[in-house]
Amino acid sequence: MAKRYYDLTVAGCKRSLPILNLSDSLAIAGFVMLGDVELCENCARELAKKVPAEAEIIMTAETKGIPLAAELARQIGMPYYITARKSVKAYMEDPIWVEDESITTMGKQRLYLTRADIDRIAGRKVLLLDDVISTGGSMTALSNLAEKAGAHVVGQAAVLAEGDAVKRTDIIFLESLPLFEAE
Ligand SMILES: O=P(O)(O)OC[C@H]1O[C@H](OP(=O)(O)OP(=O)(O)O)[C@H](O)[C@@H]1O
Ligand SMILES: Nc1ncnc2[nH]cnc12
């Protein structure tokens, strides 16, 4: 059990986030949209007001961005969204990949895109979407992957900007989330 919690209100939803150590010095308030239907629905509704009108398709990264991307695509009437995967499965043809590093990941991982999804985004205007932007490593990886697939990135959006990301002017987000000292 966490000993500390951070009370967050976003898109009209109040959630109490457990503060968990990442290292001896750093802790995060764990924000998990996965499984939270009301949170995904409300955040998608608020983000829908901010997404660039020119965006033709949404691209997110496995895992926690998936339910948000699904809900936003549904609300704005996009019939398909793209998910960059963190491993290659037998059903994924000719995958391309980029290196990915996030605040919650020990070391590097990879983001992969399968042939069918490359064909869906090549030459199209893509909105990159995630639940949180912190170091920006995951967004950069998504952007590199989209460009490798021949897409044009027209926006980078998330529900929360964490830590230094709150100062960024090149991203769309709904609320800020602080980082914490480990205890
Ligand atoms: O800006 P960054 O430092 O890259 O951090 C943000 C990323 O970290 C989290 O994913 P995580 O790596 O925990 O993977 P998961 O969604 O599979 O749990 C979050 O969902 C973002 O994708
Ligand atoms: N606060 C947070 N909770 C969950 N995943 C994250 N990824 C980056 N920051 C995060």
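**Two ligands and their surroundings**

Visitor: How do the residues of the shell around ligand 2 divide into nonpolar, polar and charged?
Guide: Ala, Val, Leu, Ile, Met, Phe, Trp, Tyr, Cys and Pro count as nonpolar, Asp, Glu, Lys and Arg as charged, and the others, Gly among them, as polar. By that scheme, the shell around ligand 2 has six nonpolar, two polar and two charged residues.

Visitor: What am I looking at, and how do its labels start?
Guide: It's a predicted model, where local features need pLDDT of at least 70, side-chain atom pairs count only at pLDDT 80 or more, and totals for chains, interfaces and linings use all residues. Side-chain values use heavy atoms, with hydrogens and water left out, while residues are numbered from 1 along each chain as its sequence is written, ligands are numbered from 1 and chains lettered from A, in the order in which they are written.

Visitor: Which residues are around ligand 2?
Guide: A residue counts as near if one of its heavy atoms lies within 4 Å of the molecule. That picks out I28, A29, G30, F31, K64, I103, T104, V132, E162 and L177.

Visitor: How much of the accessible area of ligand 2 does the protein cover?
Guide: Start with polar contacts, which are pairs of N or O atoms within 3.5 Å. A backbone N or O atom of F31 lies 2.9 Å from a nitrogen atom of ligand 2, a polar side-chain atom of K64 lies 3.4 Å from a ligand nitrogen, and an N or O atom in the side chain of E162 is 2.7 Å from one. Accessible areas come from the Shrake-Rupley method with a 1.4 Å probe. Of the 260 Å² that ligand 2 has on its own, the protein covers 91%.

Visitor: Over to ligand 1: which of the residues around it come nearest?
Guide: There are 19 residues around ligand 1. The nearest are T104, D130, D131, T135 and S138.

Visitor: Which strand gives the most to the shell around ligand 1?
Guide: Strands (E, at least two residues) and helices (H or I, at least four) are DSSP runs numbered from the N terminus. The elements giving two or more residues to this shell are α4 (137–148) and β8 (125–133). With four residues, the top contributor is β8.

Visitor: Where does the peptide bond from E62 to T63 lead, and what is its omega?
Guide: Most peptide bonds are trans. This one is cis, and T63 lies in the loop between β4 (57–61) and α2 (66–76). Its omega is near 15°.

Visitor: What is the phi of A11?
Guide: Most residues other than glycine have a negative phi. A11 is found in the loop between β1 (5–10) and β2 (13–21). Although A11 is not a glycine, its phi is positive, at about 50°.

Technical notes. Polar contact = N/O pair within 3.5 Å; in protein donor to acceptor, adjacent residues only side chain to side chain.
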